[in-house]
Amino acid sequence: MTNDNLKNILNAVKEGSMDVDQGLESLRDLPYQDIGHTKIDHHRGLRNGFPEVIYGAGKTPQQVGDIFEHMCEHNNVLATRVSPEMAEYVTGRLPHVKYNATANTLTCKNREIKYNSGTVGIITAGTSDLNVAEEALVTCDMLGSKAEIISDIGVAGIHRLFDRIEEIRRFSVLIVIAGMEGALSSVIGGMVDQPIIAVPTSVGYGANFSGLSALLGMLTSCASGVTVVNIDNGFGAACAACKINKAIDK
């Protein structure tokens with residue numbers, strides 16, 4: 001349920017094209033729908049602007065399929081951290097659901113997406129970070145922000161970054177993704193004026209500690225104004241970027 005959905009229902013009741021009982025039926029699943037193993041929060045879009053997103057890890061394919069089936073009746077649906085086995089089950093059950101194997105996401109698009117005017121730039125240090133970047137890209141698309149990926153321009157070959165810096169400066173918000181020591185967000189943070197959301201990734205050798213070194217490096221960045229999300233959290237970075245993008249439009 002979105003603000004537009006609710007306005008349409010209320011206007012229909014006001015104008016007489018929908019009676020009160022029909023309007024009540026349309027609102028029956030607010031604030032949530034209990035399907036046994038899961039309580040689906042259809043009201044979330046009204047509260048914070050974005051609908052509930054399914055976190056696939058730890059759920060069974062059957063559970064995710066059930067949730068998709070109910071949520072697709074109301075809105076567009078996104079699931080993250082989806083395994084290939086889970087995707088095979090859900091897409092077999094619901095053929096209109098699409099799987100992105102790089103992002104590990106499932107999406108159901110049955111409503112028009114209204115996009116904000118700005119574009120989110122998703123910048124990766126290396127090709128190994130593309131799964132996190134793709135998760136951010138899919139999330140931005142589903143939440144109404146256009147986004148583009150510029151990949152493999154990390155500090156090990158910093159001339160690659162300099163070649164793209166003017167292009168990077170045209171984005172409204174930046175998501176900067178890096179593993180190893182996570183230096184890319186500091187470098188870009190010292191060169192541009194956009195909001196930056198840094199994402200440390202688990203890419204790196206032993207002392208990287210599965211992303212901890214990149215996380216600490218980004219948290220202690222000497223570039224002011226760099227905000228940091230958790231390790232490999234492309235989804236969380238995209239949510240923050242979309243909220244900023246939406247605020248810019250307002």
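**View 1. A nonpolar surface patch.** Phe209, Leu212, Leu216 and Leu219 form a nonpolar patch on the surface of this predicted model, with about 410 Å² of accessible area together. Patches are made of residues with over 30% relative accessible area and no salt bridge, nonpolar side chains (Val, Leu, Ile, Met, Phe, Trp, Tyr) being joined within 5 Å and like charges within 9 Å, and accessible areas come from the Shrake-Rupley method with a 1.4 Å probe, where for residues only the protein chains shown count as cover. Leu216, which lies in helix H9 (residues 212–219), is partly exposed at 47% relative accessibility (buried means under 20% relative accessible area, exposed over 50%, partly exposed in between, with a 1.4 Å probe and protein chains only).

**View 2. The salt bridge between Arg81 and Glu135.** The two side chains meet at 3.0 Å, N to O, a salt bridge being a side-chain nitrogen of Lys or Arg within 4 Å of a carboxyl oxygen of Asp or Glu. Because Arg81 lies in the loop between strand S4 (77–80) and helix H5 (84–93) and Glu135 in helix H6 (residues 130–142), the pair ties together parts that are 54 residues apart in sequence. Arg81 is partly exposed at 33%, whereas Glu135 is buried at 3% relative accessibility.

**View 3. The salt bridge between Glu167 and Arg164.** The closest N and O atoms of this pair are 2.8 Å apart, and both residues lie in helix H7 (residues 159–168), three residues apart, about one turn of the helix. Helices (H or I, at least four residues) and strands (E, at least two) are DSSP runs, numbered from the N terminus.

**Notes.** Residues are numbered from 1 along each chain as its sequence is written, and side-chain values use heavy atoms, with hydrogens and water left out. In this predicted model, local features need pLDDT of at least 70 and side-chain atom pairs count only at pLDDT 80 or more, while totals for chains, interfaces and linings use all residues.
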